Amino acid sequence: MPKGKKRLKDCLGDRLRKQYEYVATHAEATCQEFQKGDNKQGHDHCVVVERNLDLLIPDVKKDSCLDETEIFVLLAAAHLHDIGKIEGANRFGWKSEHGHRGMEIINENYGMLGLDRVQAAAVALVVGVHGDGRLDRLSPKPMLVGTDEVHLIDLAAIFRLADMLDTTYQRAPEIVARILFSDGNVPEKWQARQTISGWTLDERNRVVLQAIPATDEIRVAYALKDMMNEDLAKIAPYLRLAGYPWELAELDVGAVPLSPSRRLQAHRERPFPGMAYYEEDQANIFRGREEETEKLLSVVSNSPITLLIGESGAGKTSLIHAGLFPRLRAMMWECVWTRPLGNPRVAIRDLIWRATQEGPIKKDCNLWQVMKLAAEKYSPRNLLIVID
């Protein structure tokens with residue numbers, strides 16, 4: 001899927017466009033110091049987040065799925081989301097708590113910021129969870145802002161991704177690093193940001209980070225990608241359900257002359273994805289689960305319904321993606337993965353439709369009919385649908 005081309009602000013009517021311009025201008029002029037944090041980027045970072053939202057949200061969703069109130073909430077959040085950061089002797093400021101503090105500031109000072117009270121409540125909720133990714137704290141029901149429904153979970157998910165993707169060298173200036181870390185002990189995250197030149201979307205709508213690391217920086221570049229995968233795991237189900245990009249592809253260092261052994265070394269030095277999971281394109285480094293993969297393959301191949309049961313974090317999703325799926329695809333199976341949220345019957349239906357069909361789903365099409373259409377599309381091949 002190509003990046004979005006239309007600017008979100010161009011989708012606003014005159015009234016909300018003027019209000020957006022006031023919020024953005026006022027945030028730059030009066031809230032700058034509160035938004036700088038350690039990297040001193042402030043308003044520059046806010047502008048990049050807005051631009052990332054423009055690119056991540058497909059134009060078709062801007063035209064037919066998001067109403068202008070939802071767009072306004074996203075844009076206001078882009079310019080106010082780091083208002084909870086502070087500067088002082090402790091250069092690390094609020095860090096993970098700055099989202100919650102930002103939510104408080106927005107609700108307390110909505111008039112000064114150019115919002116009405118209800119708009120502020122919606123913006124504050126998006127801002128409040130952008131730091132820690134705890135979207136489960138938001139209600140799955142739409143919030144009414146006047147007569148418009150605002151789907152806060154969808155907005156918070158794409159907003160967090162847009163914020164995460166400002167991870168380039170521009171956000172970690174070398175001159176600032178030399179000032180803040182004069183002892184030379186620059187944190188890995190800062191080093192890694194200096195290697196990332198930007199991002200794009202591939203043909204599978206995955207986010208591709210492009211890196212230009214020096215030979216001694218390749219490890220931290222891959223480490224940053226793995227850390228982002230861990231963060232993305234918290235919001236990926238919400239992004240996928242909403243039809244947004246939801247996974248990272250392999251790091252693109254194609255323009256850098258690094259030997260295959262150096263790239264493999266980077267994976268080996270940080271091979272574990274934490275609470276994220278191994279993906280299909282990481283099957284080559286997925287080790288130690290061969291016996292479980294064979295057992296699961298045998299059961300799935302001979303049973304129409306299979307239950308895989310285990311504690312959270314035991315590695316079930318990794319076993320499916322990096323163990324089972326590659327084996328089944330080699331046998332010419334088609335595999336569809338779903339992680340339903342909210343109403344499972346509706347969520348599973350929509351996810352299967354998006355993975356197997358073109359265009360919007362028909363309103364009268366139920367889960368059984370969608371599964372039947374998917375099976376017919378791939379016949380005579382076998383189709384595996386995973387509900388995680």
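Trainee: Where is the place of R134: in which loop, between which elements?

Mentor: R134 sits in the loop that runs between α8 (117–128) and β1 (143–145); helices (H or I, at least four residues) and strands (E, at least two) are DSSP runs, numbered from the N terminus. Bear in mind that this is a predicted model, where local features need pLDDT of at least 70 and side-chain atom pairs count only at pLDDT 80 or more, while totals for chains, interfaces and linings use all residues. Residues are numbered from 1 along each chain as its sequence is written, and side-chain values use heavy atoms, with hydrogens and water left out.

R134 is partly exposed at 37% relative accessible area (buried is under 20%, exposed over 50%, partly exposed in between, with a 1.4 Å probe and protein chains only). Its side chain makes a polar contact of 2.8 Å with the side chain of D136. That term means an N or O pair within 3.5 Å; within protein, one atom must be able to donate a hydrogen and the other to accept it, and residues adjacent in sequence count only if both atoms are side-chain atoms.

Now step across to A157: 23 residues separate R134 from A157 along the chain, and their C-alpha atoms are 9.6 Å apart. A157 is one of the α9 residues that meet α12, along with others including I153, I158 and L161; on the α12 side, the partners include M228, L232, I235 and L239. Contact here means heavy atoms within 4.5 Å.

As for geometry, α9 (residues 152–164) and α12 (residues 218–242) pack at about 140°, with axes 9 Å apart. Axes are lines fitted to C-alpha atoms, for helices over the stretch in contact, and angles run from 0 to 180 degrees between N-to-C directions. The crossing of α9 and α12 is left-handed, meaning the near helix is turned anticlockwise from the far one by less than a right angle (clockwise would be right-handed).

D231 and R160 meet in a salt bridge at 3.8 Å, N to O (a side-chain nitrogen of Lys or Arg within 4 Å of a carboxyl oxygen of Asp or Glu). D231 is in α12 and R160 in α9, so the pair ties together parts 71 residues apart in sequence. R160 is buried at 6% relative accessibility, whereas D231 is partly exposed at 28%.

The whole structure has 15 salt bridges. Among them, R17 pairs with E21 at 3.1 Å between the closest N and O atoms; both are in α1 (residues 14–30), four residues apart, about one turn of the helix. R101 and E104 also form a salt bridge, at 3.1 Å, and being three residues apart in α6 (residues 98–108), they are separated by about one helical turn. Both are partly exposed: R101 at 25% and E104 at 30%. Elsewhere, R7, E50, R51 and D54 are linked in a network of salt bridges.
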